[in-house]
Amino acid sequence: MRIDVLTLFPDYLAPLELSLIGKARRDGIVDLQVHDLRTWTHDRHRTVDDTPLGGGAGMVMKPEPWAEAFAAVRAVGQETLGADVEPLIVFPNPAGAPFAQATAQEWSQCEWIIFACGRYEGIDERVYEHLADTGYEIALASLGDYVLNGGEVAVLAITEAVVRLVPGVVGNAESLVEESHSDGLLEYPLYTRPASWSDPAGVLREAPQILLSGDHAKIAAWRHEQSVERTRQRRPDLLAEADGSGSSS
Ligand code: ADE
């Protein structure tokens, strides 16, 4: 998989050199390139923003650097991947569709994603129109109903959620099967040794006996019940979605 990130703050993406994602890069599973958007400015001040037409607070990102950046990054990517491969362009944006595990699953199958990190009030709308008219596939993705200062933190989160699903990145692929959200439910409670633990207050806390029974069918059934109950308590909205209630189809 190839990932390009366009940003005004390349250093923000440094954590993607660490841990599993860093290893996936070193192993050649993911080719991740971070680009400074100011590379595609041509004035002395390397200007990327201007005041909003029509007035209003803040600044808007100018269209020209973005259009040049996409063309340049597309050309470089296609040199490696082939001229027939097109990227998915993802704009992290609080006004986008909620990014969820299903999105991560879908994007983990992509050959190439370009993340475009907006800053300030946002990007000139004509950039999206231009990309759509040029035939790019674009997606706006929101991490949640709150506003960050820019797309970089969202790219860190989305990249981690997507790349860990790429085959070979997480050593034990089985661990991806039963985690929260993989089946629309929250994960069941986990325990390890010691099975009997005296906590610092002197209270003896026993792991559920069933986990020591060796009966895998019973354990699986117990875990499923726990998942359903936990989801009912913490995220009833997920159960409603799974039931199909709240959906018109
Ligand atoms: N940029 C600013 N806020 C954001 C959010 N909530 N999700 C994704 N990108 C963002």
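Strands here are DSSP runs of E with at least two residues, helices are runs of H or I with at least four, and both are numbered from the N terminus. Residue numbers run from 1 along each chain as its sequence is written. I kept in mind that this is a predicted model, with local features needing pLDDT of at least 70, side-chain atom pairs counting only at pLDDT 80 or more, and totals for chains, interfaces and linings using all residues.

**The three-stranded sheet.** β4 (residues 60-61) pairs with β7 in the parallel sense over two bridges; pairing takes at least two DSSP bridges between two strands. I read the order of this open sheet as β3-β4-β7, with mixed pairing. β3 (49-50) and β7 (122-123) are the edge strands, each pairing on one side only.

**The core.** Which residues touch the most other members of the largest nonpolar core? Leu6 and Phe115 do, in a core of 40 residues. A core here means buried Ala, Val, Leu, Ile, Met, Phe, Trp, Tyr and Cys residues joined through C-beta atoms within 7 Å. I noted the elements that supply at least two residues each, among them β1 (2-7), α2 (63-81), β5 (88-98) and β6 (112-116). The largest share, six residues, comes from α5. Then I listed the contacts of Phe115, skipping neighbours within four places in sequence: Ile3, Val5, Leu6, Val90, Pro92, Gly151 and Val155. Contact means C-beta atoms, placed from the backbone, within 7 Å.

**The ligand shell.** I found Pro92, Asn93, Pro94, Ser142, Leu143, Gly144, Tyr146, Val147, Leu148, Gly151 and Ala154 around the ligand, taking a C-beta atom within 6 Å as the cut-off. β5 gives the most, three residues. The shell splits into seven nonpolar, four polar and no charged residues, with Pro counted as nonpolar and Gly as polar.

**The UniProt record.** An unreviewed UniProt entry lists a "binding site" that includes Gly118, Gly144, Asp145 and Leu148; such annotations may be inferred rather than shown by experiment.

Gly144 lies in the loop between β8 (137-142) and α5. Leu148 has 14 C-beta neighbours inside 10 Å, so I put it down as partly exposed. Leaving out residues up to four places away in sequence, Leu148 touches Val153 and Ala154.

Technical notes: A residue is buried if 20 or more other C-beta atoms lie within 10 Å of its own, exposed if 12 or fewer, and partly exposed in between; C-beta atoms are placed from the backbone. Two residues are in contact if their C-beta atoms, placed from the backbone, lie within 7 Å.
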